[in-house]
Amino acid sequence: MSMIRWFYLVAAFAFGLAAGCREAARPRAGRPFEANACRSAVGASQAAPASTAIWNPGPGERGAKGPGAVSAGAPRSARGLDAASPVHTLVLYDTTGSWGGIGELYAIGAVNLASHFGGWTAEAAAAYTCGELATYDAAIYLGSTFNEPLPACLLDDVLASTRPVIWAYYNVWQLAARRPAFDATHGWTPGALDFSSIAEVDYKGRALARYAANSAGILGATVTDPAKATVLAVARRGDGTTLPWAIRSGNLTYVGEIPFTYMTEEDRYLVFADLLFDALAPATPERHRVVVRLEDINPSSNPAQIQAVAEYLAEQGIPYGFGVIPEYRDPPGRYHGGAPTQSTLDQRPELVATLKYMLGHGGVMVMHGTTHQWDADVNPYSCVTTEDFEFFRVTENPDQSMNYVGPLPEDTGTWAGGRIDDGNADFARAGLPAPQIFELPHNAGSVNTYQAIATRFAARWERAVYFPGLLRGTGPDYARVFGQLFPYPVRDVYGTRVLPENLGNIRPVPFQRSPVRLPADILHAADKNLVVRDGVAGFYFHCNFDLEYLKQTIDGLRALGYAFVHPNEL
């Protein structure tokens, strides 16, 4: 069981539904609730949706125990977002030592980003073969194990190659030691680990966030010849002094830490995402696009509220997506006087008419799960549609943090696919087309679920979770979870095109661990994301909130220079 403390995952909880936009659900004559459905719901506290501070751990953190070494496994390769792209990136990661088990997770983060530019191959650094670098367009090495025994020919090939190489964190001292004149040829030397409290990384004139309590530290460096080495980004200590965070010397770019830890919407992770353009697509022109999604529409939603938002977007000429849950379920009758309640879209003709209006006026429908809950138990809040996870087991702790336990007991590829197919049947009964984009409820699912989605949909639109074993081919290890948001479209390790949702959502009232998030917060994050030269920003909005919040956000994004685009264009 994993207590989630990695990146800031803004879960798509429809907390506004309990505050006025839920209409009375009509009983459905379809499949009945199972006996003893939602066995933990009776007497449970009022469900209060929340986003959770979720962190990817740093390597070698003081006071923390690592997962141990893992077997290297076989290399894995996959095509990129554009299958026709000739670009192919080699991603190397560590596997030995007490923290060897998380090297693969960082590699997953790297290959996901690299897929934006083309295909990729990931393998353990220890398995590198001499001359291999010359067969790729670029390479990324993620040094997560202190003194990982790197092959001598890997070091030699990096030093001799003209291919772009991005080296992150540990073991760059091995590279420098391999060439005695490293500082003379490259203009910088590796330094010591700096464990200062650092909450800021400056890049392109913007101050990006960094988790100040990150105890893994930043590996310092000293520039000895500014004519040969360029500092691209600096980390700023609390006293205002700085140290290099990213340095480029010739074809070698060095980053002083693993950029995938403690990830947020405004994080220094954006620097790494942008540096990939220099290595893989240096001629890319600057442009900034944004997509918006309306969230958690379901048979209990108020059509008038949704219609008002849709008409505003149509007037503004803004294309958008809208996430629909085709079946509403409240097994314990939490919002219906204790009477188990369910309804489907075909029983809500007014809502269906609004959805058809949206499809004809710039909207694209997104399937947001089938019921966005689990009948058998609270998961973790209430068993009610929009409030719980559907494809992953999650429990809540007394402090309102969450444990991502693993797949649901019934989880198989057949089960996940069948549940999705049931949802598509609900759309068909309502006279609606089957969506081609999927959004996992609360951005989490089992590997079986992700694979079922990949065979049924053209894209996902979300943040996502990943597990050890996906690259090494050993099967998923659900004891550790890695989360990632994206600043541009990718084709992730599950083989699906993923559209960005990286700005979060408008949240005018706090719930549990979720602070208020107003248009100014969305715009603040959007401004930081401008450091990505061809980035795509994405946010979402619940239609029961005041439309003025959405208007302010849209006006602000346009003022920042963002252009709204149709999700199908990405």
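Tutor: Fine. This is a predicted model. Helix 8 and helix 9 are oblique to each other, because their axes cross at roughly 50°, and angles under 35 degrees would count as roughly parallel while 65 to 115 would be roughly perpendicular.

Student: Within what distance do the axes of helix 8 and helix 9 come?

Tutor: The two axes come within 8 Å; helix 8 covers residues 413-429 and helix 9 covers residues 447-454.

Student: Left-handed or right-handed crossing for helix 8 and helix 9?

Tutor: The crossing of these two helices is right-handed.

Student: Which residues in helix 8 and helix 9 meet?

Tutor: From helix 8, Gly-413, Ala-416, Gly-417 and Ile-420; from helix 9, Asn-448, Thr-449, Ala-452 and Ile-453. By class, that contact has 4 nonpolar, 4 polar and no charged residues.

Student: Which residues of helix 9 are buried?

Tutor: Val-447, Thr-449, Tyr-450, Ala-452 and Ile-453.

Student: And what do the buried residues of helix 9 pack against?

Tutor: Against helix 8, and also against strand 21 (437-438), strand 22 (459-461) and strand 23 (464-466).

Student: Next pair. At what angle do helix 6 and helix 7 pack?

Tutor: About 10°, with the axes 10 Å apart; helix 6 is residues 303-316 and helix 7 is residues 349-359. Helix 6 and helix 7 are therefore roughly parallel to each other. Helix 6 contributes Pro-303, Ile-306, Gln-307, Ala-310, Glu-311 and Ala-314 to the contact, and helix 7 contributes Glu-350, Leu-351, Thr-354, Tyr-357 and Met-358.

Student: How many residues of the helix 6 and helix 7 contact are charged?

Tutor: 2 are charged, 2 are polar and 7 are nonpolar.

Student: Where is Gly-362?

Tutor: In the loop between helix 7 and strand 18 (363-367). Gly-362 counts as partly exposed, at 30% relative accessibility.

Student: What is Gly-362 in contact with, leaving aside neighbours within four places in sequence?

Tutor: Pro-319, Tyr-320 and His-566. The C-alpha atom of Gly-362 is also separated by 8.1 Å from that of Leu-313, 49 residues apart along the chain.

Student: How many bridges join strand 8 to strand 9?

Tutor: 4, and the two strands run antiparallel, with strand 8 at residues 198-203. Asp-202 has Ala-207 in strand 9 as its bridge partner.

Student: Where does Tyr-211 sit?

Tutor: In the loop between strand 9 and strand 10 (218-223). Tyr-211 is partly exposed, with a relative accessible area of 28%. Its C-alpha atom is separated by 5.5 Å from that of Ala-199, 12 residues apart along the chain.

Student: Last one: in which sense do strand 19 and strand 20 pair?

Tutor: Antiparallel, over 4 bridges, between residues 393-396 and residues 402-406. Glu-396 stands opposite Met-402 in strand 20. The hairpin has 5 residues between the strands, and Gln-400 takes a positive phi near 75° there.

Methods: Residues numbered from 1 in each chain as written. Predicted model: local features only at pLDDT ≥ 70, side-chain atom pairs only at ≥ 80, totals over all residues. Heavy atoms only, no water. Pairing = 2+ DSSP bridges. Axes fitted to C-alpha atoms, helices over the stretch in contact; angles between N-to-C directions. Parallel < 35°, antiparallel > 145°, perpendicular 65-115°, else oblique. Left-handed = near helix turned anticlockwise from the far one by under 90°. Contact = heavy atoms within 4.5 Å. Nonpolar A, V, L, I, M, F, W, Y, C, P; charged D, E, K, R; others polar. Buried < 20%, exposed > 50% of the residue type's maximum accessible area, 1.4 Å probe, protein only.
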